[in-house]
Amino acid sequence: MKNIFVYCEVTEEHRIADVSLELLSKGRKLADELGVDLEAVVLGVKLEKALEQLRFFGISVIHLADHEKLFPYRTLMHAKLVKTLFEKEQPEIALFGATSVGRDLAPRIASALRCGLTADCTGLVIGDHTDERKKMNYKNLLYQIRPAFGGNIIATIINPETRPQMATVREGVMKLEPQTLKNAPVVKEIDLQLIRPEDEIITIVHRHIEPPKVNLKGAQILIAGGYGMGSKENFAILYELAELLGAEVGGTRAAVDAGFCGHERQIGQTGVTVRPKLYIACGISGAVQHRAGMDQSAKIISINTSHQAPINAIADYVVIGDVMKVIPKMIQSYKKQIN
Amino acid sequence: MYCFFYTFAAVLIKTLKKYDMKFKIVVLAKQVPDTRNVGKDAMKEDGTVNRGALPAIYNPDDLNALEVALQIKEKRNNTEIIVVSMGPPRAASIIRESIFRGADKGYLLTDRKFAGSDTLATSYALSKAIEKINPDLIVCGLQAIDGDTAQVGPQIAEKLHMPQVTYVEKIESIDDKKMVLTRRLERGVETVTLPFPALLTVHGSACACRPINAKRMLKYKHAHTTSELQEQNRDYTDIFKEHPYLHIEEWNAENVGAEEAKLGLSGSPTKVKEIESVVLTQKESKRFTEKDQDVDQLMKELLETRVIG
């Protein structure tokens with residue numbers, strides 16, 4: 001009762017997804033603050049290795065269902081099991097990765113339990129709240145912090161009355177912090193009899209999954225292009241510089257939406273959050289959603305035609321100029337100086 | 001012999017009934033402020049959002065959803081596309097635009113009681129409206145650009161006890177009993193079959209919506225809601241009597257049988273505790289121009305401090 005639950009997503013390789021491990025790390029801290037336990041929900045198949053991974057996150061109970069029906073993820077079965085579990089265990093907080101699985105599952109659970117859910121949080125903090133109108137005091141609520149409305153505002157959302165307090169978080173937003181092993185978690189099997197034939201009416205006929213291509217999170221240097229790059233063709237110059245510096249190329253949402261680069265390269269609140277050694281922002285104005293995904297980079301260079309671009313305010317180096325002129329000069333200069 | 005006759009008759013009746021049964025698709029569409037093109041005047045001096053400065057547009061993913069519905073209509077006889085939008089009276093323009101693009105008709109769900117609804121309260125109101133239509137399929141966009149939550153679709157599916165398929169990119173095939181479709185995942189694609197009734201949320205990478213059809217626009221440009229005509233002080237009874245297809249019906253909470261306690265602020269479990277407008281604190285930064293010696297200087301410094309190289 002009153003514990004923190006993390007729905008742990010299982011990857012194609014039958015491991016726990018990074019985003020879930022990040023949430024467990026955050027969940028452990030929140031649990032310490034509230035003086036409660038951390039519990040994990042793991043649904044999938046061939047989970048021996050996954051369970052090994054979960055030993056190091058300060059989890060007290062793992063609610064487990066290991067059955068071939070449960071992988072690949074299908075909405076109705078997972079929703080039924082998680083919903084029933086939450087009804088029984090009454091979690092205080094429930095966290096999900098903001099992935100194609102978490103964003104499919106969490107709203108379904110929230111709707112069934114009639115509780116609040118906040119998407120794509122960039123911060124989770126414990127705090128109190130006073131409702132002046134109702135003359136009510138609420139202790140230890142989960143503040144769910146997220147940019148909203150085109151990134152012009154940062155909203156703090158709370159669920160004063162309903163439980164669990166539910167939130168989804170993107171990969172990379174929370175830090176992955178395994179702990180030293182104290183007590184091994186207790187594994188509790190989830191009853192699969194709960195699954196009815198009507199939960200299995202959607203069938204997967206074909207899947208095509210590619211190995212992860214772009215590793216934005218692991219890159220030491222990131223070169224990111226925004227809408228200001230102008231075209232997909234202009235992105236070529238970014239790849240050229242990236243190859244030279246051993247960097248990876250990312251893009252803003254505007255650049256992805258405009259087709260300049262693929263979804264897998266999107267950096268920001270609705271993409272990947274990164275913390276590289278060097279971040280080179282090219283033709284990026286710097287909406288708060290984008291900054292939320294990169295502002296913890298050690299060094300930031302902004303290349304922009306505008307002095308006023310918000311990204312300049314968080315940059316260590318600002319180059320005012322046309323990105324299509326500056327990047328070739330950087331390439332030239334680098335080659336010259338390295339020799 | 002009699003037995004044979006009855007069986008035959010039963011099959012005939014069933015076939016006729018089926019022939020007569022429309023396949024109803026509800027498309028959910030939202031009018032949103034265009035947050036992608038936020039200008040300087042988007043924020044007021046007191047730090048609140050100046051909604052007036054942002055143009056109201058058809059939510060981009062919802063246009064992909066409408067296209068999916070239109071493609072199904074092309075593949076399947078006797079299909080009707082009904083657009084449902086929830087919003088202020090001016091959101092009637094979304095329904096008009098949908099009809100111009102090929103939808104058959106639409107309903108505007110509008111009521112002051114809906115104001116302040118979070119995704120849960122919104123999904124409740126919409127599910128009540130959808131129950132009234134009783135469709136075979138619901139198609140909505142994955143998410144709206146003003147919130148990016150992607151929650152309302154799955155929340156409706158749960159309330160209506162329907163299966164859902166999210167992140168839909170393509171309809172592969174459809175027949176009387178089921179459809180096959182492909183969905184976009186982070187690292188690939190997945191093809192699934194599902195029976196009806198069901199709810200789909202359509203990804204922005206799906207086929208773009210066809211343009212407005214000029215003929216339909218001519219026919220329906222005077223389609224209005226009652227409140228729109230009232231605002232223009234026009235007598236609408238005759239207009240609608242003569243051309244019933246020009247009437248965009250408005251539904252309020254009572255019309256769809258929604259309980260007030262589950263709507264608006266009181267029906268929303270999430271509350272906004274605080275809103276901060278984003279103020280950037282200026283970091284100490286070195287400024288350069290695009291001149292050769294400036295770029296050289298920058299690269300030199302990066303190399304010397306071992307940030308690169």
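So, strand 8 (residues 178-185) of chain B pairs with strand 9 of chain B, antiparallel, over eight bridges. Strands here are DSSP runs of E, at least two residues, and helices are runs of H or I, at least four, numbered from the N terminus; two strands pair if DSSP finds at least two bridges between them. A hairpin of two residues links strand 8 of chain B to strand 9 of chain B, and B:Met179 has B:Leu194 as its bridge partner.

Quick housekeeping: this is a predicted model, with local features needing pLDDT of at least 70 and side-chain atom pairs pLDDT 80 or more, while totals for chains, interfaces and linings use all residues. Residues count from 1 along each chain as written, chains are lettered from A and ligands numbered from 1 in written order, and side-chain values use heavy atoms, without hydrogens or water.

Seven of the eight residues of strand 9 of chain B are buried, so the rest of the structure largely encloses it; buried means under 20% relative accessible area with a 1.4 Å probe, protein chains only.

Now, which elements each supply at least two residues to the lining of the largest cavity? Helix 3 (75-89) of chain A, plus strand 7 (164-174) and strand 9 (188-195) of chain B. Strand 7 of chain B gives the most, three residues.

Notes:
Buried means under 20% relative accessible area, exposed over 50%, partly exposed in between (1.4 Å probe, protein chains only).
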